[in-house]
Amino acid sequence: MGKETDEKYVELIQRIGSNLFEVQGRFLSLDKQVMAQSVEQVSVAMEIYRYMINHYEPQLEEMEFLLQYENPLSVIQSYWPKPDPLLGHTVMKKIREDARAELKERQEKESSLHGKLKKSARDIKRENDRKNSGKEKTGRTREKGR
């Protein structure tokens, strides 16, 4: 991993750890009946955290995508429907695809804007060239007439 990837990974794991701590705190404050209904959600959150610590192979684009969110744990959890330790690679593959799609869309928007700016610059240059060309002709005619 490169330095930037390492830093993003540490930031992501810290944020997910903080998100997990919040989930656990909310869980522990529930009454027993609601707690029983929420066990699966907490189980998935724990599973995600363990996967990210022990098995995740950091990809810069995925981490940048997840770090856009205050709660990357809930983002991953939205892709991870039920407790299943084998689901981690599949979930991260889907996140990678979404991150790439978002990046492509952003690049297309930038490219489109860049293209419009280049066209405008060419149009302005052509107009200036025409104006300058007209001035040169006028200047030459005056010299001949003298």
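View 1. The axes of helix 1 (residues 3–28) and helix 2 (residues 32–54) come within 10 Å and cross at roughly 165°. Axes are lines fitted to C-alpha atoms, for helices over the stretch in contact, and angles run from 0 to 180 degrees between N-to-C directions. Helix 1 and helix 2 are therefore roughly antiparallel (under 35 degrees counts as roughly parallel, over 145 as roughly antiparallel, 65 to 115 as roughly perpendicular and the rest as oblique). Their crossing is left-handed, meaning that the near helix is turned anticlockwise from the far one by less than a right angle. Contact (heavy atoms within 4.5 Å) involves Y9, L12, I13, I16, G17, L20, V23, Q24, F27 and L28 of helix 1 and M35, S38, V39, V42, A45, M46, Y49, M52 and I53 of helix 2. These residues divide into 16 nonpolar, 3 polar and no charged (Ala, Val, Leu, Ile, Met, Phe, Trp, Tyr, Cys and Pro count as nonpolar, Asp, Glu, Lys and Arg as charged, and the others, Gly among them, as polar). Helices are DSSP runs of H or I with at least four residues, numbered from the N terminus.

**View 2. Helix 1 against helix 4.** Helix 4 (residues 72–79) packs on helix 1 at an angle of about 80°, with the axes 8 Å apart. The two helices are therefore roughly perpendicular. Helix 1 contributes L12, R15, I16, N19, L20 and V23 to the contact, and helix 4 contributes P72, L73 and I76. By class there are 7 nonpolar, 1 polar and 1 charged residues.

**View 3. Helix 1 against helix 3.** Helix 1 and helix 3 pack at about 40° with axes 10 Å apart, which makes helix 1 oblique to helix 3. This crossing is left-handed. E4, T5, K8, Y9, E11, L12 and R15 of helix 1 meet L60, M63, E64, L66 and L67 of helix 3. The contact has 6 nonpolar, 1 polar and 5 charged residues.

**View 4. The aromatic pair of Y51 and W80.** The whole structure holds 4 aromatic pairs (ring centres of Phe, Tyr or Trp, the last by its six-membered ring, within 6.5 Å; planes under 30 degrees apart are stacked, over 60 edge-to-face and the rest tilted). One of them, Y51 with W80, is edge-to-face, at 5.9 Å centre to centre and 65° between the planes. Y51 belongs to helix 2 and W80 to the loop between helix 4 and helix 5, so the pair ties together parts 29 residues apart in sequence.

**Notes on all views.** Residues are numbered from 1 along each chain as its sequence is written, and side-chain values use heavy atoms, leaving out hydrogens and water. In this predicted model local features need pLDDT of at least 70 and side-chain atom pairs count only at pLDDT 80 or more, while totals for chains, interfaces and linings use all residues.
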